[in-house]
Amino acid sequence: MSHKSTRIRYKHIAGKENIGADVLTRYPQIPEILELKQQFKQPSILQQFDNKLYKIVRQVVNVAMKYFIIYEDLLFSKDKKGKHRVMIPDIMVHQLVIETHENFGHMGTYKIYELLHGNYQFPNNMHRRTKKIIKLCNLCQRSKINNQLARGPMISNIPTEPRQTISVDLMEPLPKGQLGTKFILALLDIFSKHVKLYPLRRATMDIILKHILDDYLPQFGPVQRILTDNGT
Ligand SMILES: [Zn+2]
């Protein structure tokens with residue numbers, strides 16, 4: 001009989017090892033991709049459909065394991081410090097990374113990894129998986145090209161340190177994204193090449209200024225010069 005038709009009965013662990021059943025609700029945002037939303041409703045079933053996780057589940061049910069534990073039907077990893085993370089079935093990995101990357105302003109691998117690793121563990125090399133998936137992001141690739149084109153000739157004073165000159169680019173129109181994103185506001189530090197992207201639904205001067213004043217400057221510090229498309 002295939003294991004896919006059988007559902008394992010778990011014994012519940014003692015209350016002493018409190019993992020927090022709310023770990024799924026601590027997902028940094030409510031999933032917006034419908035498929036991901038569905039998947040989040042039945043993580044324990046998806047874990048059992050995942051060959052690798054299912055093997056671990058079967059072991060944990062029989063013998064207590066050092067680095068895994070089952071709590072309320074869910075398989076968690078357990079690290080040396082006693083931190084528990086939900087084991088994410090392989091089928092959820094791609095969308096989980098993409099959605100988090102998109103919802104958090106297209107942040108890079110390091111931050112997305114840190115964010116996800118707060119509560120989750122992937123069955124295979126989590127950092128490498130995250131990096132690979134983010135590398136494929138269309139918008140990030142496009143903004144790289146865009147910024148390369150925008151760089152150079154229009155700047156007469158070549159900056160010599162970070163936060164001297166920031167260029168402001170608006171990329172549009174994008175095919176309307178799943179989250180209503182239509183524009184990408186890209187703030188590029190000409191010297192360090194650090195890029196901060198903001199997905200926008202609308203792109204008025206007010207909204208752009210608000211992002212610069214309320215988020216970018218407080219986060220990255222004051223800048224000397226801001227370049228816009230028309231060089232002002
Ligand atoms: Zn991206």
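The model is predicted, with local features needing pLDDT of at least 70, side-chain atom pairs counting only at pLDDT 80 or more, and totals for chains, interfaces and linings using all residues. Residues are numbered from 1 along each chain as its sequence is written, and side-chain values use heavy atoms, with hydrogens and water left out.

**Exercise 1. Give the strand order of the sheet and state which strands stand at the edges.**

Step 1. Strands are DSSP runs of E with at least two residues, and helices are runs of H or I with at least four, both numbered from the N terminus. Two strands pair if DSSP finds at least two bridges between them.

Step 2. E1 and E2 are antiparallel over 4 bridges, and Ile70 has Leu75 in E2 as its bridge partner. The two strands form a hairpin with 2 residues between them, and Glu72 in the turn has a positive phi of about 45 degrees.

Step 3. E2 (residues 74–78) pairs with E3 (residues 84–87) in the antiparallel sense over 3 bridges; Lys78 is bridged to His84 in E3.

Step 4. The order of the 4 strands is E1-E2-E3-E4, in an open sheet with mixed pairing. E1 (68–71) and E4 (120–121) each have a single partner strand, so they stand at the edges with one side left without a neighbour in the sheet.

Step 5. The faces of E1 are both covered: Phe68 and Ile70 on one side, and Ile69 and Tyr71 on the other, are buried (under 20% relative accessible area, with a 1.4 Å probe and protein chains only).

**Exercise 2. Identify the protein donors of the zinc ion and classify their arrangement.**

Step 1. Donors are N, O and S atoms within 2.8 Å of the metal (3.2 Å for Na, K and Ca); water is not among the atoms, so sites may look incomplete. His101 (NE2), His106 (ND1), Cys137 (SG) and Cys140 (SG) lie 2.0 to 2.3 Å from the zinc ion.

Step 2. The 4 donor atoms subtend angles of 101 to 118 degrees, which makes the arrangement tetrahedral (four donors with all angles between 85 and 135 degrees).

Step 3. The donor spacing in sequence is H-x4-H-x30-C-x2-C. His101 in H4 (residues 90–103) and Cys140 in H7 (residues 138–150) are 39 residues apart, a pair linking distant parts of the chain. Both His101 and Cys140 are buried.

**Exercise 3. List the residues through which H4 meets H5.**

Step 1. Contact means heavy atoms within 4.5 Å.

Step 2. On H4, Leu96, Val97, Thr100 and His101 meet Ile112, Leu115 and Leu116 in H5.

How values were computed: Tetrahedral: all angles 85-135°; square planar, octahedral: opposite > 155°, others 65-115°. Buried < 20%, exposed > 50% of the residue type's maximum accessible area, 1.4 Å probe, protein only.
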